[in-house]
Amino acid sequence: MLSACLSLGASIRSVAADVMPPAVSAALARAGVPEDSVGLYVRDLTTGRELLSIGADAALNPASAMKLVTTFAALELLGPAYKWKTEAWLDGRLDGGRLSGNLALKGYGDPKLDLPSLWMFLRDLRRRGLREIDGDLLLDRSYFSIEPHDPAAFDNEPSRPYNTGADALLINSRALRLQFVPDEVRGTVAIHAEPELPQLMVVNGLRLAPGDCNDWPDEPSLREDVLEFSGTYPGGCGEKFRYFSELSADDYAQSLFRQLWAQVGGEWNGRARPAELPAGATLLATWESPPLADVVREINKYSVNVMARQLFLTLGARDGAPATLEKSRATVSGWLEHRGLAFPELAVENGAGLSRTDRISARHLGELLAAAYRSPLMPEFAASLSLAGVDGTLKKRLAASPAAGRSHMKTGYLEGVRALAGYSLDANMDVLAVVMIINHPQARAAQAAQDALLEWANVQGAAPDRSSEAPPRPRIVLVR
């Protein structure tokens with residue numbers, strides 16, 4: 001009789017795991033997405049029980065949810081305190097503040113050599129006695145051995161920052177930030193560029209108009225050296241930012257270095273050019289990035305593709321430079337094997353998820369989340385994910401739902417792909433690994449199905465039994 005009851009219980013659980021929650025199924029139907037285009041996997045990480053397993057073994061494109069593989073591998077292989085370095089070398093003689101020769105910058109893949117960091121680095125060079133550079137700025141990118149990147153290849157949007165390629169000497173992500181500032185009194189919209197790039201002219205033809213911020217201005221027209229905006233800007237938008245990547249790596253480095261070097265009191269009239277570190281050069285200074293844990297947090301919360309590319313290639317240099325994509329893939333495969341995780345369908349192009357060929361199953365992404373939950377580095381990993389209704393790519397989702405503040409998730413979106421993967425609390429405050437991957441032309445419309453899944457996960461589990469003498473289960477409280 002006991003055996004029969006156990007079998008019946010197992011059967012019930014098996015059937016339940018194969019049934020799509022009604023709210024999720026209804027949302028998919030409204031979006032025009034058939035259920036066989038979805039991979040669903042939900043697992044209770046306290047008991048190990050699978051709560052949902054629907055299409056979980058299909059090899060699907062996870063979009064940016066692939067960053068979970070890259071960032072967890074990096075935390076374990078490099079360590080949360082890992083830092084990148086960037087070096088400044090003197091190719092010539094420094095005498096009385098004047099360098100008779102070239103200044104060389106050698107990069108090691110720092111994803112976070114942004115505007116403030118570069119300014120502080122150059123200030124350090126000035127403090128060390130360098131004022132005037134007679135020669136050129138040499139850019140050593142040899143730490144990465146990769147093919148030239150075509151930013152238009154993925155979706156013919158070469159100026160969008162998410163298409164920026166990896167670069168061992170990536171400076172400020174090659175980004176141009178435009179700030180749109182409406183003036184209600186004058187009926188105008190100012191556009192402020194940071195940094196100011198002399199090679200690129202921003203033409204402002206925007207008119208301020210009433211209305212909610214449902215539509216941004218039309219895409220600017222792009223010519224070789226002109227970024228032109230026209231049309232109307234809804235007053236309801238307030239101040240907004242938009243980012244572009246227009247210049248080549250060499251032109252961008254030259255322009256930004258020239259501006260910042262002048263700001264810190266330096267002089268330079270040369271040009272920037274790619275070159276490996278000359279023999280006989282002497283090290284002047286080294287800049288260190290923030291620790292990996294901080295970088296992983298930015299990668300996952302805000303889904304920064306170029307930073308993920310940098311991190312993935314850094315894994316490929318772990319056993320010796322130069323880094324290559326092939327080395328990075330082998331490193332990740334070896335790490336999974338060492339951990340006892342067999343993902344035969346796994347295909348990783350660049351580590352960022354900006355790919356049409358990436359593949360992983362919902363089940364295996366769930367198993368990765370389970371392994372991360374058991375890892376000593378679980379706090380760093382989980383904290384890097386967006387908190388529903390609070391921050392990151394989920395800041396504006398589920399804010400009014402009981403699920404707000406109870407799910408740490410990584411989102412993913414490409415044309416024809418929508419993914420969600422991470423951790424959610426159930427009614428007992430037990431942690432669930434939740435994965436939903438949609439591959440279908442109507443995936444864009446299926447966000448409500450993902451939200452319904454998180455709300456379903458939030459109410460799973462029975463209320464704790466208060467009648468026993470056992471101490472109460474520890475509660476997790478979100479502090480805002």
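E18 and E19 make a hairpin with 5 residues between them, and Met429 in the turn has a positive phi of about 65°. Helices (H or I, at least four residues) and strands (E, at least two) are DSSP runs numbered from the N terminus. This is a predicted model, where local features need pLDDT of at least 70 and side-chain atom pairs count only at pLDDT 80 or more, while totals for chains, interfaces and linings use all residues. Residues are numbered from 1 along each chain as its sequence is written, and side-chain values use heavy atoms, leaving out hydrogens and water.

**Strand E19 and its partners**
- E18 and E19 pair antiparallel over 9 bridges; pairing takes at least two DSSP bridges between the strands.
- Within that pair, Leu425 sits opposite Val431 in E19.
- Strand E1 (residues 38-44) also runs antiparallel to E19, joined by 7 bridges, and Arg43 faces Ala433 in E19.
- E19 is mostly covered, with 8 of its 9 residues buried. Buried means under 20% relative accessible area, exposed over 50%, and partly exposed in between (1.4 Å probe, protein chains only).

**Nonpolar cores**
- A nonpolar core is a set of buried Ala, Val, Leu, Ile, Met, Phe, Trp, Tyr and Cys residues joined through side-chain atoms within 4.5 Å.
- The largest one has 54 residues, and Leu365, Leu368 and Tyr423 touch the most other members.
- E18, strand E19 (431-439) and helix H3 (67-78) are among the elements that each supply at least two residues of this core.
- H3 gives the largest share, 8 residues.
- A second, separate core of 43 residues includes Leu130, Leu178, Cys237 and Val264.
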